[in-house]
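Thanks, I'll keep this short. Please look at the structure first.

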Amino acid sequence: MTTTAVRPQAPTAPPPRVRPAADLVVAAACLAHLWLCWRLRGFVTDDSWISVRYAENLAAGHGFVWNPGGPVVEGASNPLLVGLEALAALAGLPALGAARALGVAAGVGCVLLVGLRGRAVVGAGAAAVAAVLVGCSAPFALWAVGGLETLPVALVLTAAVLELARPDGGRAAVAGALLALLPWLRPEGLAPALALVALAEGPALVHRLRSRGPRGPRGPRGPRRPRSPRGPRVPRRAAHRAAWLLGAPLASQALLELGRLAVFGHLLPNSVVYKSGTGEATAVLGKFLDQGSLVVVLAVAGAVLAGGRARLVAVPPLVLAAGSVGTLDSANGYSRFFQPVWPLLALLAGVAVAALLAAAAGRRGRLAVAATTAAAAGALLLVPPGGLAAVQGWAARYTGCKVQAREAMAAWLRTTAPGTVFAVSDAGLVPARAGRTAVDDFLLNDPLIQRTGPLPPAERAEVVLERRPDVLVLVSRDPRRFEAGYPTDAELHERATAAGYRPVHVARGDGASCRYHLTALAR
């Protein structure tokens, strides 16, 4: 007789009916998220334009290229989002608008997942608290409208975890299909998927294998049953679960790598080559712990209090924390790297808050939970650095300063001769909207980085100047005199000035505190 790797629960009494108030809390949290998205709607991160550039070139029939007519290159690390944006462009819709709409919808989906599907994992009270913590997070809403894959990753990851963390183990086919999407959204997507499957199914599978091994010495029930020469057999249903949960993400990753080899000739996108092992040890993690400290502390307590399979909720945050060590902290405003696990941390924090109800039964307990939840939501919305005012101020400064300078430089480049080639460090909005051939100063959108790896600034400058660009677009902290914003720009300015390049245009960012301006040098 075969058995499953996940031990089913004995029949129990029907679960208590969820109070309508819990549904109202989830609905209010969805509205709060949409309101925050509306308040932060002016923000678009520069990196989102890189995906848009690839998507628009793909939709136009140029192939997987950064420059039309240029070499194939994988400067974007989110092939599924690029594909969806390309489909939107083919349909006559703005690729960036499609990405932002997907992000907002994914944010609402995360609130609904933790508030409704989370009930079977952590209980109705904890799930309602989690919905509030997700819906009232300004950084979460910031990256919903930012134009990248951050919140779609959060939606897929949260859905997979909540499926596997159910007391009955969930539906293997559904969880496996969700985990199979992760490698197509993020380069590290397979890592949390495999960790989840190993911890979700490994202990039960090992237990089953041991229980079907040789019995002990002969006892009152008769002689020992001889062990099969092939060893203990894996139960059929356990093997079926493992095939879905392990096979689906592994097959998905294998398919992606085969496609990369066929199209690009390598296995890792350029961003992984550039960022892995090139940053400070804990810069990414430290930023997140500083900005999300309240929820992180509650989540740690919740992970201790959670029991059974609910502890699986803690696995992806731990995997990402380990993976962040040594990663370059770029395009990571308000901890974008950790936003995909924010709904899971909110669930664990909800467990800690809901524990107050168990400690103080009755109306006082409910009031304590309500008060703690309201206080946590208020802290998220009001207390810097993650409060709405702080996030909105940062987004406004980013847009007024950096985005304005980039838009102005793109507009000026469109006035140059059609065959103009320019080089730029921040290779998002300017190349996407300049309508000219671009050279990436950091080589993130250049196939060369696959052979050289990340180069020091002086060597990058040499490579860029060997391409003989007509215009160099350099970041300066001062619009009146050149003060390099990046070491690579400093090296380029020194060498280009000696080679006869001269300033021809300055695109200024707005604001008295703005320290981001773009200087164009031409031969």
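Strand 3, residues 471-476, and strand 5, residues 517-522, run antiparallel to each other and are paired over six bridges. Within that pairing, Val473 is opposite Ala520 of strand 5. This is a predicted model, so please hear every value as computed.

Both strands belong to an open sheet of five strands, ordered 2-1-3-5-4, with mixed pairing. Which strands stand at the edges? Strand 2 (437-440) and strand 4 (502-507): each has a single partner strand, so one side of each has no neighbour in the sheet. On average, neighbouring strands are turned by 25° against each other, ignoring direction.

Now the helices. Helix 18, residues 388-413, packs on the sheet and touches strand 1 (421-424), strand 3, strand 4 and strand 5. Its direction makes about 25° with that of strand 5. Helix 22, residues 487-498, also packs on the sheet, touching strand 3, strand 4 and strand 5, and its direction is at about 135° to that of strand 3.

On to the rings. The count is eleven aromatic pairs. One of them is Phe442 with Tyr486: the centres are 5.5 Å apart and the planes are at 70°, so this pair is edge-to-face. Phe442 is in the loop between strand 2 and helix 20 (449-452), while Tyr486 is in the loop between strand 3 and helix 22, so the pair ties together parts 44 residues apart in sequence. Phe442 is buried, at 12% relative accessibility; Tyr486 is partly exposed, at 24%.

Elsewhere, ring pairs link Phe43, Trp143, Tyr334, Trp394 and Tyr398 into a cluster. The charged end of Arg336 sits over the ring of Trp143, 5.6 Å from its centre.

Conventions
Residues numbered from 1 in each chain as written. Predicted model: local features only at pLDDT ≥ 70, side-chain atom pairs only at ≥ 80, totals over all residues. Heavy atoms only, no water. Pairing = 2+ DSSP bridges. Helix = DSSP H or I, 4+ residues; strand = E, 2+ residues; numbered from the N terminus. Axes fitted to C-alpha atoms, helices over the stretch in contact; angles between N-to-C directions. Contact = heavy atoms within 4.5 Å. Phe/Tyr/Trp six-rings, centres within 6.5 Å; stacked < 30°, edge-to-face > 60°. Buried < 20%, exposed > 50% of the residue type's maximum accessible area, 1.4 Å probe, protein only. Lys NZ or Arg CZ within 6 Å of the ring centre and 35° of its normal.
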